[in-house]
Amino acid sequence: VFPSLAQAQASVANEVYQELGQPSIFLFCPTEYCSSLCSPSPSQSCYLQTIGQELLPGIGVIWTGPKVVSQELSAVLLEEVEAVLRRRPVIWDNLYANDYDCRRVFLGPYMGRAPGLMSRLHGLLLNPNCELQANFIPIHTLGTWFRSELGSCAHPDHAGMEVVAALGDSQGAQDGSYSPQEALELALCDWVAEINQQALEPGR
């Protein structure tokens, strides 16, 4: 029925999206969802070119970066992906993911993401460690990174401006800088306070 896998996927996704009334959040994960899966590259991938052309503009497309688990994300790569998909990608960030290797637990700060990245994104999803308690620092430092990104946006939308104003004196929100080491220290202080609070609860 369809001349290619990409056209089949786009057709089905478009039909489901329209049947659901074109919801404000509707995500599509392509078969080629990172650079290492593209042939020969994101910008020259016939598959991604078709997805970009055929998929309705209101549908968000998920992207993990250079690899399935990407140590770094750059604005240059995201510009290339945005051009071929004809929309800003939704990053599916597997930096902390360990479902593929239970011996791996990443407790470090959110890092390796270039400053000013938010303006190139339609959204960001963080795939956490499988162990619940191991995600305090990842989520806490992601929040610090997010505040710094809001503070550095040259032209934040109205909602973004409200968020920045509500954050007040939060570190990193005003000067737009993000330090993984400082974010880690902030997270550790809050984590220790959380642990101490739990230790005082009855039955602990």
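Me: Which residues of helix 3 are buried?
Reply: In helix 3 (residues 75–85), Leu77, Leu78, Val81, Val84 and Leu85 are buried. Buried means under 20% relative accessible area, exposed over 50%, and partly exposed in between, with a 1.4 Å probe and protein chains only. Helices (H or I, at least four residues) and strands (E, at least two) are DSSP runs, numbered from the N terminus.

Me: Is that from a predicted or an experimental model?
Reply: This is a predicted model: local features need pLDDT of at least 70, side-chain atom pairs count only at pLDDT 80 or more, and totals for chains, interfaces and linings use all residues. Residues are numbered from 1 along each chain as its sequence is written, and side-chain values use heavy atoms, with hydrogens and water left out.

Me: OK, back to helix 3. What do its buried residues pack against?
Reply: Helix 2 (46–54), strand 2 (60–63) and strand 3; contact here means heavy atoms within 4.5 Å.

Me: And which residues are exposed on the other side?
Reply: Val76 and Ala83.

Me: Switching to the sheet: what's the strand order?
Reply: Four strands make an open sheet, 1-2-3-4, with parallel pairing. Strand 1 (27–28) and strand 4 (123–126) each have a single partner, so one side of each lacks a neighbour in the sheet. Two strands pair if DSSP finds at least two bridges between them.

Me: How many bridges join strand 3 to strand 4?
Reply: Four, and the two run parallel. Asp93 sits opposite Leu126 in strand 4.
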